[in-house]
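Student: I have a protein model open and want to learn to read it. Where do we start?

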Amino acid sequence: MLAGMGATVVGALAVIGTEKAYAEAHETSPLQFYGGFASGIRPDLSPPMVPGGSVVWSGLTDTRRVALTFDDGPMPDWTARVLKALARHHVPATFFVKGINVQRHGAIHLGSIGIHELANHTWDHPDLARLSYAQCRDQLERTSAIIEQVYGKRSTLFRPPYGHIAGASMLAAAEQKLITVLWSTQMNERRYGGGPGGVIASARKAAQPGSIILAHDCGPPNRLVTIDSLDAIITSLKADGFAFATVSELCGLHSRAGEG
C-alpha cells in the first residue's frame, strides 16, 4: 500500500514537473501596448488617419469569374513567361510586386499598364506580423512610391507576405488607403512538383465563383510547375466556364492599381 502511494506521489510530481516545463517553454513576453506588431493603435495614441480599412479573401459574385494573382516579382524569365501565357489567352491578372524587384526589374511590367493590375507586396518581403507600426509603414510607403515612380500610378491593393496580418500592418495599410488582399485558393506546387497534371487538376477542383487564386512569379524551382502549366490551367478553367478578372474587377473595387 505504501509502495502504491509512493508511486502515486512520484507520478503526480512528474505531471507537475511536465506542466511547469511546458509553461516555461511557451512563456511569452508581454506584448508592447502601442507601436508594436500586435497593436492597431498609433504609437503616439493619436487618432488613425482613416475611419477604417478593408480585407478581402475572394470576390462576391454569382458568375463564374476568378482572379489569377502572382506574388514576389517582377523577375527576369519567370514574369516574362507568365505575361506571355496571359497574353496568349487574353487573360488579365493581378501582380503583387516587391518594391526592391520593381527597382531592379521594373521595365518588365511597363507593358502591363492598362492590362494587368500592379499591387503592393512590401519592399523586401518581411513578415509584417513581427514588425512595428513604423517598420510596416515604411515597407508599404517605399513600395507604393516606387510603383508610382515606375508605372505612373499608386497601388490601391496590398498583400502581406505569407498572409500574415497584425494590428500594425492593418493600420499602416488602411492609413495608406490600401485594401488588404489575401486569397481563397492557391497553387500547391509542393505537392505536384513531379508533374503538371496534379497542379492542373488541383486548380480546377479548387476554383469557385469569386476565387482569388495565389501563384508566384519568383521563388524556388518547384513553383515552375505552375508557370510551365499556366496555358493548360487557363484553358482548363475556361473549359469549366470560368472567365478571368483582376482582383479589383472581381471584388467590385473602384480603382485599379497600376492602370494608366
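Tutor: Start with one term: contact means heavy atoms within 4.5 Å. Now apply it. Not counting residues up to four places away in sequence, arginine 42 touches Tyr34, Pro47, Pro48, Met49, Tyr133, Leu171 and Glu175.

Student: What kind of model is this, and how are residues numbered?
Tutor: This is a predicted model, where local features need pLDDT of at least 70, side-chain atom pairs count only at pLDDT 80 or more, and totals for chains, interfaces and linings use all residues. Residues are numbered from 1 along each chain as its sequence is written, and side-chain values use heavy atoms, with hydrogens and water left out.

Student: What is the mean pLDDT of the protein?
Tutor: The term first: pLDDT is the predictor's confidence in each residue, from 0 to 100. Here the mean is 88, and 85% of the residues reach 70 or more. Where pLDDT is low, the predicted coordinates should not be read in detail.

Student: How many helices and strands are there?
Tutor: Both are DSSP runs, numbered from the N terminus: helices are H or I with at least four residues, strands are E with at least two. This protein has nine helices and nine strands. Of its contacts between residues at least 6 apart in sequence, 78% join residues at least 24 apart.

Student: Is arginine 42 buried or exposed?
Tutor: Buried means under 20% relative accessible area, exposed over 50%, and partly exposed in between (1.4 Å probe, protein chains only). Arginine 42 sits in the loop between α1 and β1. It counts as buried because its relative accessibility is 10%. Proline 51 is in the loop between α1 (2–25) and β1 (55–56). Proline 51 counts as exposed, because its relative accessibility is 92%. Its C-alpha lies 8.6 Å from that of alanine 174, 123 residues apart along the chain. Over the protein, 47% of the 260 residues are buried.

Student: Which residues does serine 144 contact?
Tutor: Serine 144 belongs to helix α4 (residues 133–151). Leaving aside neighbours within four places in sequence, serine 144 contacts Asn120, Arg154, Gln176 and Leu178. Its relative accessible area is 1%, so serine 144 is buried.

Student: How do I describe two packed helices?
Tutor: Use the angle between their axes and the distance between the axes. Axes are lines fitted to C-alpha atoms, for helices over the stretch in contact, and angles run from 0 to 180 degrees between N-to-C directions. Take α6 (residues 196–206) and α8 (residues 230–239): their axes come within 9 Å and cross at roughly 35°. Ile200, Ala203 and Arg204 of α6 make the contact with Ala232, Ile233, Ser236 and Leu237 of α8.

Student: What should I check in the backbone?
Tutor: Most residues other than glycine have a negative phi, and most peptide bonds are trans. Aspartate 72 has a positive phi of about 90° although it is not a glycine. Aspartate 72 lies in the loop between β2 and α2, and is buried because its relative accessible area is 7%. Proline 74 is found in the loop between β2 (65–71) and α2 (78–88). A cis peptide bond joins glycine 73 to proline 74, with omega about 0°. Threonine 122 has a positive phi of about 75° and is not a glycine. Threonine 122 is in the loop between β4 (117–120) and α4.
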